[in-house]
Every structure is written in C-alpha cells, then in structure tokens.
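Hi there,

Here is the structure I promised to pass on.

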Amino acid sequence: MIRAGLRVLIADTPGIDLVGEAGTGEEAVRLVRSVRPDVVVMDIRMPGMDGIEATRQLMVDPGTARVLILTTFDEDEHVYAALRAGASGFLVKDMALEDIVRAIRVVAAGDALIAPSVTRRLIAVFAEPVAPPRSPAGGHRLPDSVTPRETEVLTLVGRGLSNHEIAAHLTISVATAKAHVARLLAKLGTRDRVQLVIRAYEFGLVP
C-alpha cells in the first residue's frame with residue numbers, strides 16, 4: 001500500500017520520472033543496476049534481502065543512485081547501519097507527501113536529508129554512555145593526507161555545524177569552509193555531509 005501510494009505521488013509530480021519499483025531488496029538491486037536512476041526510495045523492511053543490505057550492495061558501484069531510506073522511526077533500530085551502508089537520508093512513512101517529494105529533490109541535488117524524528121534517534125544513539133575508548137574511534141585513524149585544518153573542519157561538521165558556522169568559528173570565508181568540506185569528501189571517500197559526520201565519530205573527533 002505504501003509503495004502504491006508513493007508510485008502515484010511520484011508519477012504525478014512534475015520534474016520527477018518514476019522509472020521502476022521493486023518489492024524485495026534483490027529486485028531493487030537488479031533494477032537499479034539496469035535502469036540507473038538518480039534516486040532510490042528504499043524501505044528497510046522487505047522480504048529476503050532488507051533495504052540496508054541492498055543499499056550496501058548498490059554503493060559498491062561507482063556513480064550509483066543516491067538512496068533515501070524509508071523507515072518507521074519508532075520501530076526501526078537500523079538507522080545508523082543504513083547510514084554506514086551509504087544512505088543519503090531518511091524518510092519517515094508518515095511524512096506529508098510534499099515533504100517526501102522535497103526530500104527526493106534534495107537528495108537528487110547532491111545533499112543529504114534526515115527527518116527530524118530520525119535525527120532525534122541518532123542523537124540518542126550517539127549520546128548513550130560508552131566505555132572508555134581503546135583508541136581513537138575504536139582503531140580508525142585519520143589518513144595522513146588530512147591536514148590539521150581539515151581535521152578541525154571535520155570535527156565541526158561532526159558537531160553539526162553548517163559551512164557558515166564553520167567559517168565563523170574558524171574565522172575563514174564561507175568559500176574556504178566549503179573547499180575544506182569538498183576536500184574532506186574526496187579524501188575520505190564519502191558521498192555527502194551525513195557520511196562525514198559518521199567518519200568524525202569513527203575517528204574519535206566527536207565524543
């Protein structure tokens with residue numbers, strides 16, 4: 001029912017073309033590799049292969065579609081795993097239809113988007129008490145190519161600061177802040193700002 005509703009919504013939206021749909025993770029992976037869409041709206045819970053594994057398999061391919069995960073935020077416990085798999089954002093199944101369309105456009109434009117209710121879940125996960133770290137981020141180390149200034153920028157990204165806020169904090173121009181973020185995306189092999197936040201946690205830059 002949800003997929004049927006989304007199909008009607010997307011098909012009737014100017015500027016967005018619906019190029020296919022699938023009922024399982026396996027079907028989704030095959031279809032995406034065949035049709036090569038810009039954005040995939042991926043449910044977490046599907047028969048057989050779930051949406052997280054399907055996302056992980058799709059992210060292996062260079063230039064693949066960007067994935068928006070569809071979740072029921074009060075039930076799913078896999079938000080962080082989906083981000084690590086390469087998802088660019090999250091939709092909640094009870095979001096208003098216009099918000100779903102907006103999210104698709106945002107992700108298609110190369111940005112990331114997480115529903116506020118999902119953001120609260122992520123904050124709760126990261127705020128849980130943890131054992132004293134054995135080493136930075138459990139053994140993850142920053143590549144030598146990342147400069148001290150880029151490390152500062154990555155730390156601020158991990159804290160949730162925007163480019164304008166980073167620029168003000170470091171007393172640099174917004175253009176310079178954007179350039180640092182762009183270089184971090186390239187050096188760390190990340191797709192978007194959401195992935196940079198995860199890397200900041202993994203490297204132990206954000207407690």
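Predicted model: local features only at pLDDT ≥ 70, side-chain atom pairs only at ≥ 80, totals over all residues.

Residues are numbered from 1 along each chain as its sequence is written, and side-chain values use heavy atoms, with hydrogens and water left out.

**The sheet**

Four strands form an open sheet in the order E1-E2-E3-E4, with parallel pairing. Helices (H or I, at least four residues) and strands (E, at least two) are DSSP runs, numbered from the N terminus, and two strands pair if DSSP finds at least two bridges between them. E1 and E4 are the edge strands, each pairing on one side only.

Going across the sheet, E1 (residues 39-43) runs parallel to E2 and is joined to it by five bridges. Asp 43, for instance, has Leu 70 of E2 as its bridge partner. Four bridges link E2 to E3 (residues 89-92), again in the parallel sense; here Ile 69 is partnered by Phe 90 and Leu 70 by Leu 91. E3 and E4 are paired in parallel over two bridges. Gly 89 has Leu 113 as its partner in E4, while Phe 90 stands opposite Ile 114.

How well covered is E2 (residues 66-71)? Six of its six residues are buried, where buried means under 20% relative accessible area, exposed over 50%, and partly exposed in between (1.4 Å probe, protein chains only). Arg 66, Leu 68 and Leu 70 point one way from the strand, and Val 67, Ile 69 and Thr 71 the other way. E3 is covered on both faces too: Gly 89 and Leu 91 are buried on one side, Phe 90 and Val 92 on the other.

**A residue in a loop**

His 78 sits in the loop between E2 and H4. This residue counts as partly exposed because its relative accessibility is 36%. Beyond its neighbours within four places in sequence, His 78 is in contact with Ile 44 and Ile 52; contact means heavy atoms within 4.5 Å. His 78 and Ile 44 are 34 residues apart in sequence, and their C-alpha atoms are 8.1 Å apart in space.

How do H7 (residues 148-158) and H10 (residues 193-202) pack?

From H7, the contact is made by Leu 154, Val 157 and Gly 158; from H10, by Arg 193, Leu 196, Val 197, Ala 200 and Tyr 201. These residues divide into six nonpolar, one polar and one charged.

H10 has Val 194, Gln 195, Leu 196, Ile 198, Ala 200 and Glu 202 as its buried residues. They pack against H4 (79-85), E4 (113-114), H7 and H9 (174-187). Just after H10, Gly 204 takes a positive phi of about 75°.

Happy browsing!

Notes
Nonpolar A, V, L, I, M, F, W, Y, C, P; charged D, E, K, R; others polar.
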